[in-house]
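Hi everyone, thanks for coming.

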Amino acid sequence: MELEITVGKGTQEDNNLSFDTAVALDESAQPGMFASPYSCVLCLDLLFKKVEELVATGDAGTQFLGKEVLRRAKQVPELREPIVDLSIFGEHKETIEMLMLFIIPAAEKETALFKFSRPFTFNPVYVSPAMQRLLAVQDACYSFTGEMSAVMTRHQIMIGATILKTFYDVDINVMPTAMLTVPDHQSGLQLFFKPEMVDDYATIIPKGPLPKLNQADINRLLTNVSDTSLWLELLPPEKFEFHGVHLTRLSEVTEEEALSRLKHRLISRDAILDVERVRELANLIRIHFKNPTLSLGLSAVDYPLDRAVDHEYRIRFNMLADSVDRLTGDNFKGSIYERAFESREVLVIEDLSNLQSSGRLERLLLQQGIRSLLIAPLLDQQRNVIGMVELGCPEPYGINAFMELKFREIRGLFRTAVERSREYIDNRIEAIMREQYTSLHSSVEWKFTEAAFDVLQQIDQGKSPISPPIAFSDVYPLYGQADIVGSSAIRNAAIYQDLFDNIREGRFFLARALELIEFPLTQQVIRAIDQHLQLQVEDFNNGHEIQLGELIHTQISPLVNQLGRQHPELKALSHAYFEKVDPELGLFARIRTDYETSVGRINRELSDFFTARDLAAQATLPHYFEKYRTDGVEYEIYAGQSLLKSQEFSDVHLRNFRLSQLIDLSDATRLVDRICEDLPMPLSTAQLIFAYTSPIDIKFRMDEKRFDVDGDYNVRYEILKKRIDKATIRKGKERLTLANHVSIVYLHDKDREEYEGYLNFLQQAGYVDGEVEHLTLDPLQSVTGLRALRFKVKV
């Protein structure tokens, strides 16, 4: 909740403003809201001293006016003394107004927004005409971040911070954040003004010896910025007195504040999921563009059409939502919306009535009173259309190219909002599907059937059903993974190479164009390309990927297309360029496609391989199996007596599982090596096993619909499992996991001895190439003492 203070009543009172609050405060409490525990005395002496300095150093005009002010002040010495009776301002109004000219120039007096007050007080003693008119507007309102108590605390700490800065050389800034909102009754929009306090004309007078503060005291104050009692204890109010005036200026920040509030609204994951939120956004858009007639449309859209979903993510607030179900399709071929989606660019139509060909959608817009329109497709990283923003205006040319330039600054905000909202909806849909329709692993289905029967019995007995926990105790985990080696670096290098091939090909075309035609823009784009070509692959990151993509989409490709169509001698080169462009990305993507194809093939082969091996193992003894696709495949097996309904589990089964896992990962290594011969980009995998030989308890998490470790002791297994993937040896000089190797991480000597027995068999069976390495892992976060066995698979 924000503290709001309404200052506008719709009437103007000369230098006598009334104050009100919108938080149900008692009227008698209002003057004390910003009261200071320190004595704050109104005094103009520092202003007069400023005049004395200007008289001594200023130009002739300044000296003339200053001498007159000082002459008048000399006749009324009480003007330089502490002022208690404010009637003195009325009695010597001309002198005060002449004094004000040294702070606010005469030319700005009627337009400048400022006021004077006693130090650290809210009520003014002098208000400029322009500010008085502004504050008199009906419903003009100051808002402060936080509730009243928090604002009052910050106000008191701010006063203490001023004392620290003045006498103890400690400079901290705790200025309260405030905003003045003034409705413009002519346009119906809000105007925002930010106050700035100037304390150049105030001073602090110590009353007696300064309180002695050591560094420990100052540290206590700096770490307890909400403890006003502590600040008052160490900086007692009776020891300090403030003299002077505070000047407060107002600056209009309507556009900046509207943009800030737009960002704040749009970053929430459900920013655009209901009509009220979209109405708030529409109002901020009107304020940002200073146009009360603007209307906002916002929708999730999937284009090309083969990507469309039926529910459209519930984000359907476009201008024609009540008239048509979809803006794309065979019925609306060639519409302005299809044109925008095909081009992926912002489309501005200054006057809909002047379109040469109008379809049903265009006619519906005109019937709604829309004459000018902006349509902005919102794109994902693959340049698929995922949403759309519309700005509509009833006036022809009310939306134009200048507004389009300004809109580009906030287009990304709407794209982020649509992406987050779509993701939010996707997650909710997935949760419902998992809750209602997810099939159970066959090995544990019996346990869920028993639980469901228990719930049914409770219902039949008239009880409120409580689902019993589904847990299995003393099960043995077997974790393994086959991970593509260096996948992140390879992906990054592939994207880098494609983008640089793209801009080099574009530069070659533009250099050839320079030899044939006079077109200055070509030189500008070549210069931009040359700057980017200096970037090395080791410095390449996501930010560079976006920059280079924008350069290609907005400058290189449009120029190649335009010049290729206009000049026959460049047509062949243009055709050769666009033959290499991926139609979905709008970029060169040969190497990236090779990488993604290779990763996809490896993932499919490994996933099918592990699934087939598990099906064979299930026939021997039922167990729980779960796998995940990453850049490679990782899987987890839980085996134990509690998972079995009728069969018996023994140590023989457990040792068979562990040996089978080693054989499976060795065979997986050979599989990847075989298929690499057919991959467009050869890749390799590193295999990892976590030999955690102690039994753990697992429990089915109803909220996630999956099994997880149960109990604080068992969490250790989960922590270790997640960290060993990044393990290193030899003081960080080498990753544990290597291409075509299997690494076995273990904790105890007995684990090593057990797995050495399995490895002896693998050596005899021809799986091991060379000697088995015995390694000690470098310490991981909160984990020490891990060791490993590692061997190269004979492929």
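Predicted model: local features only at pLDDT ≥ 70, side-chain atom pairs only at ≥ 80, totals over all residues.

**Strands, salt bridges and a charged patch**

Strand β11, residues 295-303, and strand β15, residues 385-393, run antiparallel and are joined by seven bridges. In what order do the five strands of the open sheet come? The order is β12-β11-β15-β14-β13, with antiparallel pairing. At the edges stand β12 (316-317) and β13 (347-349); each has a single partner strand, so one side of each has no neighbour in the sheet.

For anyone setting up hydrogen-bond analysis, a quick reminder: strands of a sheet pair through backbone hydrogen bonds, in either a parallel or an antiparallel way.

Next, have a look at strand β10, residues 246-252. Strand β3, residues 114-117, runs antiparallel to β10, and four bridges join the two. β10 also pairs with strand β7, residues 189-198, again in the antiparallel sense, over six bridges. Which residue of β10 stands opposite Lys-115? That is Thr-248. And Thr-248 turns up again as the bridge partner of Met-197.

While we are in this part of the chain, find Ser-187, in the loop between β6 (178-184) and β7. Ser-187 counts as partly exposed, at 26% relative accessibility. From Ser-187 to Thr-293 the C-alpha to C-alpha distance is 9.0 Å, although 106 residues separate them in sequence.

Now for the charges. How many salt bridges does the structure hold? There are 35.

Asp-45 and Arg-80 come together in a salt bridge, with 3.0 Å between the closest N and O atoms. Asp-45 lies in helix α1 (residues 45-57) and Arg-80 in the loop between α2 and α3, so this pair ties together parts that are 35 residues apart in sequence. Is Asp-45 buried or exposed? With a relative accessible area of 19%, Asp-45 is buried, because the cut-off for buried is under 20%. Arg-80, at 22%, is partly exposed.

Arg-72 is partly exposed, with a relative accessible area of 22%, whereas Glu-94 is exposed at 54%.

Glu-276 and Arg-279 are both in α10 (residues 275-289), three residues apart, or about one turn of the helix. Their side chains form a salt bridge of 2.6 Å, N to O. Glu-276 is partly exposed, with a relative accessible area of 44%.

Which residues form the negative patch? They are Glu-78, Glu-81, Asp-85 and Glu-91. One of them, Glu-78, lies in the loop between α2 (60-75) and α3 (87-91). Glu-78 is partly exposed, with a relative accessible area of 40%.

Definitions and conventions: Residues numbered from 1 in each chain as written. Heavy atoms only, no water. Patch = residues over 30% accessible without salt bridge, like charges linked within 9 Å, V, L, I, M, F, W, Y side chains within 5 Å. Areas by Shrake-Rupley, 256 points an atom, 1.4 Å probe, with all protein chains shown as cover. Salt bridge = Lys/Arg side-chain N within 4 Å of Asp/Glu carboxyl O. Lys, Arg positive; Asp, Glu negative; His and termini not counted. Charge placed at Lys NZ, Arg CZ, Asp CG, Glu CD. Buried < 20%, exposed > 50% of the residue type's maximum accessible area, 1.4 Å probe, protein only. Pairing = 2+ DSSP bridges.
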